[in-house]
Amino acid sequence: MKKTLSATTVATTSSPAAKRVNVVSSASRISVAAPSSTLTSKRAQDLELEYQRNLAEMTEQTMELKVQVDQVEKERDFYFDKLREIEVFVQEHLDGGGLGSDASATDVLDHIQAILYKTEDGFEIPDAVA
């Protein structure tokens, strides 16, 4: 907010605001900046910096969460594919076309276990959580 004073008013004023004067026009008008606008500007800068920091932090968190979601979806698909393969195997075995009619229960369980412990290319078994 700016106050406009005549040249004679500024000359007789001894306040600190009167020392900061800007000549607005040649019609002997002088503009004096109100001190509150400086504080408001500083507060706005502080809020802008805080906003930028929060935005950067939230953007980083969002990226981390997207990576986690991608990993969880990949893991979900990996285990779903295993279950689907076991389902197909069991269905074929029940229909008589699986390992053959003379397959023992041990053969069936060995095949299911092989499916369970099979890994994909690039899949790493995570370290044991202590």
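Reader: What share of the protein chain counts as buried?
Author: In this predicted model, 12% of the chain's 130 residues count as buried.

Reader: Okay, the fold. How many helices and strands?
Author: Four helices and three strands. Starting at the N terminus, the order is β-α-α-β-β-α-α.

Reader: What fraction of the contacts with a separation of 6 or more links residues 24 or more positions apart?
Author: 45% of them.

Reader: Switching to annotation. Where does UniProt put the coiled-coil region?
Author: The UniProt record, an unreviewed entry, places a "coiled-coil region" at residues 41-75. Such annotations may be inferred rather than shown by experiment.

Reader: Now charges. How many salt bridges are there in the whole structure?
Author: The search finds four. Among them is Lys42 with Asp46, with 3.4 Å between the closest N and O atoms.

Reader: Where do Lys42 and Asp46 sit?
Author: Both are in helix H3. They are four residues apart, about one turn of the helix.

Reader: Give me another one. What does Asp77 pair with?
Author: Arg76. Their closest N and O atoms are 3.0 Å apart. Arg76 is exposed, at 52% relative accessible area, while Asp77 is partly exposed, at 36%.

Reader: And Lys118, which residue does that bridge to?
Author: Lys118 forms a salt bridge with Glu85, and the closest N and O atoms are 2.7 Å apart. Lys118 lies in the segment after helix H4 (105-117) and Glu85 lies in helix H3, so the bridge ties together parts that are 33 residues apart in sequence.

Reader: How accessible are Lys118 and Glu85?
Author: Lys118 is partly exposed at 40% relative accessibility. Glu85 is partly exposed too, at 33%.

Reader: Let's talk about Lys82. Which helix holds Lys82?
Author: Helix H3, which covers residues 35-95.

Reader: Lys82, buried or exposed?
Author: Buried, and without a salt bridge.

Reader: Why does Lys82 lack a salt bridge?
Author: Distance. The nearest side chain of opposite charge is Glu85, 7.3 Å away. A salt bridge needs the side-chain nitrogen of Lys or Arg within 4 Å of a carboxyl oxygen of Asp or Glu, so Lys82 has none.

Reader: Then what lies 2.5 Å from a polar atom of the Lys82 side chain?
Author: The backbone oxygen of Lys118. Lys118 is also the residue that forms a salt bridge with Glu85.

Reader: Which residues is Lys82 in contact with, leaving aside neighbours within four places in sequence?
Author: Ile115, Leu116, Tyr117 and Lys118.

Reader: Quick recap of Lys82 and Glu85?
Author: Lys82 is buried with no salt bridge, and a polar atom of the Lys82 side chain lies 2.5 Å from the backbone oxygen of Lys118. Glu85 is partly exposed and forms a salt bridge with Lys118.

Terms used
Residues numbered from 1 in each chain as written. Predicted model: local features only at pLDDT ≥ 70, side-chain atom pairs only at ≥ 80, totals over all residues. Heavy atoms only, no water. Helix = DSSP H or I, 4+ residues; strand = E, 2+ residues; numbered from the N terminus. Buried < 20%, exposed > 50% of the residue type's maximum accessible area, 1.4 Å probe, protein only. Lys, Arg positive; Asp, Glu negative; His and termini not counted. Polar contact = N/O pair within 3.5 Å; in protein donor to acceptor, adjacent residues only side chain to side chain. Contact = heavy atoms within 4.5 Å.
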